Amino acid sequence: MNRRNPQRVMGVGLMLAATLAGAQIAPATPAPTPAPTPQAPDVAPQVGETAQEAVPEQGPPSAPGKVKAEPLTLEQLVQRARKQDARVEEARAELRRLEALLRQARWAWFPKFETTVGFGGPVPEARNDGLGGPPTTEASLEGDWRFGRMGFTAFIEANAVLPLYTFGKLRALEKAAEQGPVIGNALKERAQDEAGFQAAQAFFGYQLARSGLVQLDETSKRLEDAAKQLQKMLNEKSEQVSKMDLYKVGFFRNQLEARRAQAEQGRQLALAAIRLLAGTPPGESVEVVEVELEPEGELKPPTLEEALATAEQKRPELAGIAAGVVAREQEVFIRERMFYPDIGLAGFLTLRYTSSATPQRDPFAFDPYNQREAGVGLVARSTFDIPVKQSQLDQSRAELDKLKAQQRLLQAAIRLEVTKAHGEVVAALERARVLTQAERDARRWVTAAMAAFDLGTTGTRDLIESFTALAQSSADRAQSWHDFQVAQAELARVTGTTPREP
């Protein structure tokens, strides 16, 4: 039996492997979009600080005068995204607004001083004996055009009411406003969780593209070696190879370059998303630490019950909607007490001076030119628009019932979301394990096929099929571990935690 040259068939097998190796290309990583609901380590930049400024920098030993940023880890990228994302900034602004509303509610008891200050003229002369008697000057008489020595007038009028008893309305208002920061924090944490999840997506997408490029480089080198071996055999007039084999190598090498361009595009897109999420200025380079998608050690995902319990404790939406229910209950209470009056301490002050008028000393004389009045007293203030108040109360009760229904719906939706994410993690892990074992079997298959072909007990077809299976299984294995890592990040998001390193 004639023994066939294994170099020739190995080259043909590698040609097919090269085309399938391009399957390890990262899917397009969606860039985060600005939205319309945690702490960060020291490396995270503050508001207004660039991403590179927040990363510890050090100069390489060979260039003491230069600084070089450390590559971003997943933890650093997630924390930066949780601080730099525009949606988080929007949520922080909303939180500050709600905190201001709380301060306003706590000062709702403070009296509102309604004050009017005026100064003007000219004012005609108005003179008498100061005891309410007749005018003492000709110009003081009215009904003619004689104004006498005209002057000016200045006045100040003020009044205020200090609430003493409001039947619980003020305390309910403050309690409702206290829920505002709780809701604001929930909105901020939700925005941070979304940004952190997208950061993990971009990070793992970059790692998948990087590993695909590494495999493409290895396959390209093997194809180049195969092409050189085929050319050598053609030059030696070997009957085991032909020009067709060389053409096949050229075809698959071109296919490989096309796959490389696609993989590089995926890597650049992932880097662009990372740069955006990390807050790196445009045009500034960013480096990402290289990690293997397959984690080391024993993998044991949390049970569904553990994941559900974690979500119930840490999902910010649950805390936010619970605070909203409390605020609505206080609103209903306030609407119910609007039928009762507010009892308070009222005070007033009136001071008026006119330079061209005689101040009156008679307490029974009316003096619109010179007044000095002040006083305090108990008042009860209310309105009698009872039908309007009843309608507002009915609206508040309906809003409360609506929010409670939304709370039940949210709880059920979160449980369904956690169940779905947990199932995806378990399925992705099982698939990754199976495909990892499949890759090992494919490698054994290639080794056995090459040995059999070298002995002449098998044909070219078996060897090519083994190379094809190895290329496909390698691509599937990398993709499966990528899917597992993204599924884990999704489970972290739906349970209110942060993504972890592989």
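Guide: Start with one rule: two strands pair if DSSP finds at least two bridges between them. Keep it in mind for the sheet, which is our part. The model is a predicted one.

First, the setting. The protein chain holds 10 helices and 6 strands. It has 502 residues, and 39% of them are buried. Its accessible surface is about 28,100 Å². Carbon and sulfur atoms account for 55% of that surface.

Strands β3 and β4 are antiparallel and share 8 bridges. Look for E114: opposite it, in β4, stands N159. Next, move on from β4 to β5, residues 342-354. This pairing is antiparallel too, and it runs over 12 bridges. Here E157 has T350 in β5 as its bridge partner.

Go back to β3, which spans 114-123, and to β4, which spans 151-165. A loop lies between these two strands, and S140 sits in it. Is S140 buried or exposed? It is buried, because its relative accessibility is 11% and the cut-off for buried is under 20%. What does S140 touch? Leaving out residues up to four places away in sequence, its contacts are E125, A126, R127 and P135. A polar contact of 2.5 Å links its side chain to that of S140.

Finally, turn to a helix for another look at burial. Helix α7 covers residues 304-314, and its buried residues are A307, L308 and A311. Viewed down the axis of α7, these buried residues fall within an arc of 100°, so they line one face of the helix. An α-helix has 3.6 residues a turn, so residues three or four places apart point the same way. On the other side of α7, E305 and Q313 are exposed.

Notes. Residues are numbered from 1 along each chain as its sequence is written. This is a predicted model: local features need pLDDT of at least 70, side-chain atom pairs count only at pLDDT 80 or more; totals for chains, interfaces and linings use all residues. Side-chain values use heavy atoms; hydrogens and water are left out. Helices (H or I, at least four residues) and strands (E, at least two) are DSSP runs, numbered from the N terminus. Buried means under 20% relative accessible area, exposed over 50%, partly exposed in between (1.4 Å probe, protein chains only). A polar contact is a pair of N or O atoms within 3.5 Å; within protein, one must be able to donate a hydrogen and the other to accept it, and residues adjacent in sequence count only if both atoms are side-chain atoms. Contact means heavy atoms within 4.5 Å. The arc is that of the directions from the helix axis to the C-beta atoms. Accessible areas come from the Shrake-Rupley method with a 1.4 Å probe; for residues, only the protein chains shown count as cover.
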